[in-house]
Amino acid sequence: MKWIVDRIEGDFAVVELENKQTADIPLKSLPEKIKEGDVVSISIDENETADRKKNIDSLAKKLFK
């Protein structure tokens, strides 16, 4: 998924989504030096997600034994 930063308004970046709609994203959620015209890529890290799930499952098993 890619967003294009249309403009910065106060503490928000107005981004154009892939479906041509816009959304306000808090600047604190974006890279520090973001500026108008930048393209932001959003992706899921499947390996890290799986590792975190395994860790949580392990902790839950220990907790409920």
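Reply: Salt bridges link Asp6, Arg7 and Glu9 in a network. A salt bridge here is a side-chain nitrogen of Lys or Arg within 4 Å of a carboxyl oxygen of Asp or Glu. This is a predicted model, in which local features need pLDDT of at least 70 and side-chain atom pairs count only at pLDDT 80 or more, while totals for chains, interfaces and linings use all residues. Residues are numbered from 1 along each chain as its sequence is written, and side-chain values use heavy atoms, with hydrogens and water left out.

Asp6 is partly exposed, at 39% relative accessibility. For Arg7 the relative accessible area is 33%, which is partly exposed too, and Glu9, at 43%, is also partly exposed. Buried means under 20% relative accessible area, exposed over 50%, and partly exposed in between (1.4 Å probe, protein chains only).

The structure holds five salt bridges. One of them joins Lys53 to Asp57, with the closest N and O atoms 3.0 Å apart. These two residues lie about one helical turn apart, because they are four residues apart in helix α1. Helices are DSSP runs (H or I, at least four residues), and strands (E, at least two) are as well, numbered from the N terminus. Lys53 is exposed, at 51%, whereas Asp57 is partly exposed, at 35%. Helix α1 covers residues 46–63 and also contains Asp51.
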